[in-house]
Amino acid sequence: MTTHTIRKGFDIKIAGPAEAKIESCPEPVLVGLQPAEFLGIRPKLLVKEGQEVATGEPVLLDKSRPGVQLVAPATGRVTKVVLGQRRFPDRIEITPAAEDRFFDGPRLDADRLDGTSRDEVIEALEGAGLWPYLRQRPLGKIAAKDRVPTAIYVNGMDTEPLAADPAVAVQGRGEALQAGIRLLRRLTDGPVYLTTATGEQPAEFRGLQGVEQHQFSGPHPAGLVGTHIAQIAPLGPDQVVWYLKAQEAATLGEWVISGRYPTHRVVAVAGSAAPQRRYCKVRQGAALLTLTGGQPLGGDLRVINGTVLSGVASDAMGVLGFYAQTVSIIPEGSDSRELFGWARPQFGRLSASRAVFSWLMPKDRYELDARLNGGPRHIVNIGQWERMTPLDIHPTFLVRAVQAGDLEEAINLGLLEVTEEDVALCTFADPCKIEVGQIIREGLDLYETEG
């Protein structure tokens with residue numbers, strides 16, 4: 001086992017972490033799928049309003065890659081298909097029935113898994129609607145099956161603020177996690193890495209066969225897969241790696257063992273404004289109301305599908321994202337004003353720099369809201385982004401190259417080593433309020449178009 005220590009970065013210590021105890025949530029009155037979550041997808045609907053669907057039945061496929069499809073997370077009736085610009089399906093809503101009726105989709109024999117070919121595994125995963133769990137670097141999109149990855153990373157840690165602890169999410173699922181690792185071994189000739197936080201490991205992570213374990217310590221982004229790749233085996237020219245989270249690997253294992261589409265996941269509900277801070281076992285795609293007590297949250301609040309750094313703001317009637325393992329609820333702050341706030345020492349405000357005096361008397365947790373505390377300005381190179389990034393890149397010059405449309409220079413500066421989540425901390429710490437992740441995504445899209 002190898003240990004890596006990350007020096008650069010910053011921990012955003014937000015008040016309201018979830019209590020490490022898993023509770024079962026009630027069944028939702030609505031479940032949904034949001035195709036826009038899947039970058040680059042060209043969706044084709046396979047269902048229409050009023051149609052009855054079974055759990056695990058395909059409801060949408062990617063026209064550019066027909067093998068990539070999304071399936072119903074519950075048995076019931078398709079009650080609404082919300083269309084956006086250019087008739088892009090923004091959301092497919094299903095009203096669940098009282099009991100699950102499972103679609104007779106492809107499955108794998110758990111006893112003969114080690115002798116199953118790579119093509120058979122891929123075909124079964126695609127048919128079961130589980131292929132989107134596998135994502136790739138470069139680009140950070142759904143994995144392309146025609147490229148054999150040099151390695152697969154299973155992320156068993158998360159240092160994002162308020163993020164669900166993967167060790168809690170896989171409690172009692174050791175057999176499923178091992179089955180998921182066996183499945184991943186069929187997809188690559190290279191190693192499967194399990195990355196965890198330093199310290200005592202939970203029983204589910206100990207003794208796993210077929211993985212090479214690496215431990216990481218240090219501030220965020222020590223828990224991101226981009227950091228792990230850079231530390232363990234940096235990508236070479238024309239190389240591709242795949243990655244997923246530990247709970248997602250356990251989900252794949254549950255499918256192998258049961259032969260049925262896994263319907264539930266463990267989600268952390270956290271944040272200073274969360275009515276209950278807890279871990280919930282909830283149905284995939286459940287209405288967020290299921291996680292927040294059944295009633296719309298009142299007041300000036302922001303509900304985030306995911307973490308505050310890489311999640312997506314949702315309305316009160318939204319649904320749980322496909323990849324979301326955290327629901328963060330914090331004050332919006334739109335009704336807050338501070339007289340002479342810029343001129344006060346502000347001992348109680350979190351800052352990634354020493355612009356305020358909170359570093360003299362640091363707190364364990366800070367109640368943060370969603371305010372920008374300023375407006376966008378021109379980029380000023382003061383080295384702040386570089387202090388937030390342990391990767392071997394130059395984020396300031398990379399962003400400038402993307403903005404100038406200089407793709408070759410951007411690639412030389414590390415464009416293919418990052419995605420939005422790797423630079424989200426730069427956005428948080430940037431005094432110029434630049435959306436660094438958005439610019440990086442524009443650069444990656446440019447690479448796909450012209451590269």
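Helix α1, residues 118-127, is mostly covered, with seven of its 10 residues buried (under 20% relative accessible area, using a 1.4 Å probe and protein chains only). Helices here are DSSP runs of H or I at least four residues long, and strands are E runs of at least two, numbered from the N terminus. The model is a predicted one, so to speak of local features takes pLDDT of at least 70, side-chain atom pairs count only at pLDDT 80 or more, and totals for chains, interfaces and linings use all residues. Residues are numbered from 1 along each chain as its sequence is written, and side-chain values use heavy atoms, leaving out hydrogens and water.

Among the buried residues of α1 are Val 121, Ile 122 and Leu 125. The buried set packs against β7 (65-71), α3 (174-185), β15 (241-245) and α5 (246-258), contact being heavy atoms within 4.5 Å. After the helix comes Gly 129, with a positive phi near 75 degrees.

Leu 125 turns up again in the largest nonpolar core, where it and Leu 184 have the most contacts inside a set of 56 residues. Such a core joins buried Ala, Val, Leu, Ile, Met, Phe, Trp, Tyr and Cys residues through side-chain atoms within 4.5 Å. Helix α5 supplies the largest share of this core, six residues. Another core, of 42 residues, lies apart from it and includes Ile 14 and Leu 413.

Elsewhere, four strands form an open sheet in the order β3-β9-β8-β5, paired antiparallel; pairing takes at least two DSSP bridges between two strands. The edge strands, β3 (31-33) and β5 (52-53), each pair on one side only.

Technical notes
Buried means under 20% relative accessible area, exposed over 50%, partly exposed in between (1.4 Å probe, protein chains only).
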